[in-house]
Amino acid sequence: MRFEIHPSVEEGSRQVAVRIRDLIQAGAAEGRNVVLGLATGSSPLSLYAELVRMHREEGLSFKNVITFNLDEYLGLGRDHPRSYWRFMHEQLFDHVDLPGEQIHIPGGDLQADEVSDFCRGYEEAIRSAGGIDLQILGIGRTGHIGFNEPGAGRNSRTMRVTLDPLTRQDAAGGFGGLAHVPKEAITMGCATILNAREIALLAWGESKAEIVAEAFEGEVKDEVPASYLQEHASVTIHLDEGAGKLLTALKPEDSLARC
Ligand code: GLP
């Protein structure tokens with residue numbers, strides 16, 4: 001794993017945006033699509049703002065991009081103010097030239113008997129797009145990636161999951177109280193995420209310091225699904241000083257880049 005400690009969220013986000021821009025432009029030059037796995041939450045907000053800026057000011061085109069979002073709350077329609085569908089459109093998709101049919105987000109309004117076919121189809125769509133070139137991740141305080149909560153198996157695939165009480169508590173503010181936070185979600189599985197050719201995880205602020213140290217310096221275990229990333233061949237963990245402050249291995253001889 002490679003750790004990068006950035007002086008600010010904006011600088012870290014800019015570096016990830018540059019990596020995405022390079023992938024998109026290399027794909028376009030070779031006439032092929034680039035498949036991005038995308039995340040929601042506060043962590044990628046600056047990244048999406050920078051990609052929108054690159055589109056507007058530098059002419060970065062998203063026409064050869066196919067996206068797959070990690071997850072969605074179950075029980076929320078697309079127009080719900082807290083749906084990830086809406087989040088992604090407001091933060092990124094409405095502001096760039098990505099064709100709508102190239103956007104994939106798990107369905108929040110599926111009926112119970114539609115979920116398993118949907119999940120199989122989502123996996124199939126990722127495969128037929130050629131697999132994910134770069135997966136963007138945040139990390140929840142439970143150690144979740146996507147909505148793979150403690151106990152999620154290493155080999156899990158896109159599925160319906162129950163949210164951890166801490167995850168629901170963390171989301172309560174945005175929903176106007178815990179009672180309004182959905183109890184379930186659909187998420188890409190851990191194996192789906194780990195199949196990505198490259199992964200960039202973003203974590204900002206001291207509130208992430210404890211789980212960052214546990215996930216990336218602790219034992220690899222299913223109680224902390226993010227720890228599976230330690231076994232991936234191409235992962236960069238982008239942190240600010242706050243999120244990295246409990247890592248003990250950050251010495252110059254380690255694979256650390258201080259930007
Ligand atoms: C949600 C999302 C995750 C995200 C996590 C962290 O639970 N399902 O994909 O990584 O929140 O959120 P934030 O970036 O706001 O800290």
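The ligand sits in the largest pocket of this predicted model, and the residues around the ligand are Gly41, Ser42, Ser43, Asp71, Tyr84, Gly138, Ile139, His144, Gly146, Phe147 and Lys208. Sorted by class, this shell comprises three nonpolar, six polar and two charged residues.

| Residue | Side-chain atom | Ligand atom | Distance |
|---|---|---|---|
| Ser43 | N or O | oxygen | 2.5 Å |
| Asp71 | N or O | nitrogen | 2.7 Å |
| His144 | polar atom | oxygen | 3.0 Å |

Of the 390 Å² of accessible area that the ligand has on its own, the protein covers 85%.

Charged pairs within the protein form a second topic. Side chains of opposite charge can pair when their charged atoms come close. The count for this model comes to 18 salt bridges, and one of them joins the side chains of Arg21 and Asp22, with an N to O distance of 3.6 Å. How accessible is Asp22, and in which class does that place this residue? Asp22 counts as partly exposed because its relative accessibility is 36%, a value that lies between the limits of 20% for buried and 50% for exposed. Another salt bridge links Asp117 with Arg120, where the closest N and O atoms are 2.6 Å apart.

Definitions and conventions
Residues are numbered from 1 along each chain as its sequence is written. This is a predicted model: local features need pLDDT of at least 70, side-chain atom pairs count only at pLDDT 80 or more; totals for chains, interfaces and linings use all residues. Side-chain values use heavy atoms; hydrogens and water are left out. A residue is near a molecule or strand if one of its heavy atoms lies within 4 Å of it. A polar contact is a pair of N or O atoms within 3.5 Å; within protein, one must be able to donate a hydrogen and the other to accept it, and residues adjacent in sequence count only if both atoms are side-chain atoms. Accessible areas come from the Shrake-Rupley method with a 1.4 Å probe; for residues, only the protein chains shown count as cover. On a 1 Å grid over the protein atoms alone, a cavity is a set of points where a 1.4 Å probe fits but cannot get out, and a pocket is an open set with protein on both sides within 12 Å along at least five of seven lines; lining residues have an atom within 4 Å of a point. A molecule sits in a cavity or pocket if more than half of its atoms lie within 2 Å of its grid points. Ala, Val, Leu, Ile, Met, Phe, Trp, Tyr, Cys and Pro count as nonpolar, Asp, Glu, Lys and Arg as charged, and the others, Gly among them, as polar. A salt bridge is a side-chain nitrogen of Lys or Arg within 4 Å of a carboxyl oxygen of Asp or Glu. Buried means under 20% relative accessible area, exposed over 50%, partly exposed in between (1.4 Å probe, protein chains only).
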